[in-house]
Amino acid sequence: RYGLPSEANELNAVPSLILKTLLEYPISVGHLRKELEKWGREIDEAASDALSEYYPTNGENGTPSHYVSTYAITCPNCAARIPITPKWWLHRKSASKGTAVRPSYENGDLQLELVELPDDITKDQFNPQDGPRARGGDVECPNCDIVTESSNVKGMFKKGDYEYQMLGVKYTKSGGSAFYRAPTEEDRRAFEKAKNRITNDMDLFSLLTEDVPPAGEKTSEPAGYGIKEWRDFFNPRQLVTHYEHWQAFEHVKGEILTEYDKEKAEAIVTILALTAGKMIDYNSRLSPYKVSKGYPENAFAGKNFTLQWLYVDNNLSSGNRSYQDMTDRIMNSYEDIAGYFNKVDTSPAHVTSRDAANLEQDDESIGAVVVDPPYYSSIMYAELSDLFYVWQKKYVSEIHPEFFQSELTDKDSEAVANPS
């Protein structure tokens, strides 16, 4: 913005894409609102059509926007199905007011009933804050009160002895108003469709089957819960959802590359690809459900690979964490940045992605160096970013081959204290 010639370098490919969006395209290409709106809308419409059968809509139950989700194990004592959620809230307005689901058992079968506190029941009668899963990981069966210790729960997950469990549904009706309900048999059938598809569709069966490094400082954390491949960070419907948005992106990418000059096409494709990162952030088994707001939070707020026991299966075609919402946020940010350069006579920064100890600039050619230092051992940037890297590689590796030459991000050259 001061008109000074600039160079920018980042070892990691994921932030390198962001640097190009911040420092190159706003100057070399300029405003892209019309183009981003057009192609973003086409991706959204195509993906929504392909996914409609997995998010059943009808007049009374509206369109699902978020499935509030957890897991279920079988009680070793009474064989009842135990949702291992820490809370029963769907939307907590205060400590004693809000929307929740109350569990009950009929002949050992789990039933979930939507209740409004305090209208239907008071907190003294049923406290939604007290879910089966305790803070330390032990799980108490709501049917027989027998506790399964955390080590045994972890062993079940490692062997795959668990099931995905919907607790409730946030849905919208025409006009945009949001409501909550208990899951229906139709919801369960839709989930089973996704579950069957990732097994029977060869493209989905082979998607993201690369190994998660089991000995990383952070990637070792979920290994104890059976996470082996990058696809395991998503439940079946989440995986299908991300796949269909990627396929819709691929369809329009060819049209974009044909319709515009090389630099403008590259900019449009790259900016749209950033939405993939947003989608992953808010739609994975790592994305916690915020009961006080009724929507997902981002996956890496805790800077780790912690599976969430109350997470969100997010319909990216509806609600307040939709594909369109995410695209609009990225587009508006880009347009703001492009506006900064409207009256500035400057050249785009030159962005590279390589080891800072081996840059291509000539000695003594740089007048000032600005460095954003890492946090020593606090944040394992490369390990955490791999979840985004494996997807971005599919989206734009042919556009930016210089950024995606390796299977995963470079850990050896990263300036952090990583004991692994």
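A residue is called buried when its relative accessible area is under 20%, exposed when that area is over 50%, and partly exposed in between, using a 1.4 Å probe and protein chains only. By this rule histidine 400 is buried, with a relative accessible area of 1%.

This is a predicted model, in which local features need pLDDT of at least 70 and side-chain atom pairs count only at pLDDT 80 or more, while totals for chains, interfaces and linings use all residues. Residues are numbered from 1 along each chain as its sequence is written, and side-chain values use heavy atoms, with hydrogens and water left out.

**Overall form**

The protein chain holds ten helices and 14 strands, where helices (H or I, at least four residues) and strands (E, at least two) are DSSP runs numbered from the N terminus. Its radius of gyration is 23 Å, close to the 22 Å that the globule rule gives for 420 residues, so the chain is as compact as a globular protein of that length; the radius is taken over C-alpha atoms, and the rule is 2.2 Å times the number of residues to the power 0.38. The C-alpha trace spans about 75 × 50 × 45 Å along its principal axes, and buried residues account for 48% of the 420 residues. Of the contacts between residues at least 6 apart in sequence, 71% join residues at least 24 apart, a contact being heavy atoms within 4.5 Å.

**Selected residues**

| Residue | Relative accessibility | Class |
|---|---|---|
| Cysteine 75 | 3% | buried |
| Cysteine 144 | 22% | partly exposed |
| Methionine 380 | 1% | buried |
| Histidine 400 | 1% | buried |

Histidine 400 lies in the segment after α10 (381-396). Apart from its neighbours within four places in sequence, histidine 400 is in contact with Leu17, Lys20, Tyr25, Glu266 and Thr270. Methionine 380, for its part, is located in the loop between β14 (350-352) and α10. Although methionine 380 and lysine 303 are 77 residues apart in sequence, their C-alpha atoms are 7.8 Å apart in space.

**Cysteines**

A search of the whole structure finds zero disulfides, a disulfide being a pair of cysteine sulfur atoms within 2.5 Å. Cysteine 75 is accordingly in no disulfide, and the nearest cysteine sulfur, that of cysteine 144, is 3.6 Å away.
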